[in-house]
Amino acid sequence: MNDTAAAKSPPVRHGALELLRAVPAGVSQVYLQESVPAGIAFLVALALAGPEFALAGLVGSAVGVLTATALRVPRERISQGLFGFNATLVVLGTVASFQPLGPALLVGIAGAVVATVLARVADLLLTVPARTAPFVLTYWLIVYIGHHFDWIRASPSPVSPVLGLDGDPLALFSAEAEVFLMSGWLPGLVMLIGLAIVRFRLAVGAFCGAAVALAAVELLPHTPPDVASGVYGFNAALVVVGLLTTGRTWRSCLVAVPAVLLLQGGVEALGLVPTTFPFVLAMWTADLHRLHRTGTARP
């Protein structure tokens, strides 16, 4: 009788451990990776940019996980970190954009809830993955509200030289940090290490994407003054990682990198903060092409 009862009993699921794992996994999904070690590496990189940013990353992912749980999202999708990365970026973006820390963190938490709800709606309605679109829309709303009510804007961190280098060459590393809306060559370098933990090819791809974007911007008649911050390379780095992760070729990356640069210029011309929207548009184009060709947007 005991054996029969034991055989019929459902396996014990360690729900708390799954949710705990989902927090660093949610951070790693900013780079489209389901990896707890990479998520921890990214949090270390955020701490190097400032301890408040590591806190924001942890809080954002945790809020996304808890909100998704309240929305009854399937547990396996939560544990993969798929409902943590948009929330992570919202809190990071708010803390990086406004001060003091306390109010910015509270606004970011509210935004993280909104972004997670949008991610769930998109998950149910869209035929392609939403990527970071919920973050983009939520962050644009927060920036609009902040400017409307004259919230105090945070001061950008200066880019410090390394190994005798300063200025534009540092964008080769700082671009990877800008994926998380951070500045600095050292956080970017640690994020490359985090990608290499998953697959060395991804770290190479991110670096090459940033390098091609930097070279393209440097060829412009008037080079923008903020190239060294990495703002013109992070969408390129992210789209290369996204394409390689979803089974695309290096040839598709060569097309996508100049595309995201043009899209970034178009978004800026509209008076909007580009954030990761060029990446989203490029990935949606690739996903829709795959959907049309194979009937599914997933590899």
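Before the angles, a word on axes: they're lines fitted to C-alpha atoms, for helices over the stretch in contact, and angles run from 0 to 180 degrees between N-to-C directions. Helices (H or I, at least four residues) and strands (E, at least two) are DSSP runs, numbered from the N terminus. This is a predicted model, where local features need pLDDT of at least 70 and side-chain atom pairs count only at pLDDT 80 or more, while totals for chains, interfaces and linings use all residues. Residues are numbered from 1 along each chain as its sequence is written, and side-chain values use heavy atoms, with hydrogens and water left out.

So, H10 and H11. The axes of H10 (residues 185–198) and H11 (residues 200–218) cross at roughly 145° and come within 5 Å. On the H10 side, Leu192, Leu195, Ala196 and Val198 meet Phe200, Leu202, Ala203, Ala206 and Phe207 of H11, contact being heavy atoms within 4.5 Å. That contact has 9 nonpolar residues, no polar and no charged ones. For those classes, Ala, Val, Leu, Ile, Met, Phe, Trp, Tyr, Cys and Pro count as nonpolar, Asp, Glu, Lys and Arg as charged, and the others, Gly among them, as polar.

H11 also packs on H12, at an angle of about 140° with the axes 7 Å apart. What meets what there? From H11 we have residues including Arg201, Gly205 and Gly209, and from H12 residues including Ala236, Val240 and Leu244.

Now the core, meaning buried Ala, Val, Leu, Ile, Met, Phe, Trp, Tyr and Cys residues joined through side-chain atoms within 4.5 Å; buried is under 20% relative accessible area, with a 1.4 Å probe and protein chains only. The largest one has 73 residues, and Phe42, Phe180, Met191 and Leu195 are among those with the most contacts inside it. H12 (residues 234–245) gives the most to this core, 9 residues. Leaving out residues up to four places away in sequence, Phe42 touches Val27, Ser28, Tyr31, Phe180, Met191, Gly194 and Leu195.

Last stop, H4. Its 20 residues (51–70) should span 28 Å at 1.5 Å a residue, and the end C-alpha atoms are 29 Å apart, which agrees; the expected span is 1.5 Å times one less than the number of residues. Its buried residues include Phe53, Gly57, Gly60 and Gly64, and H2 (15–28) and H3 (36–49) are among the elements covering them. After H4 comes Arg72, with a positive phi near 60°.

Technical notes: Buried < 20%, exposed > 50% of the residue type's maximum accessible area, 1.4 Å probe, protein only.
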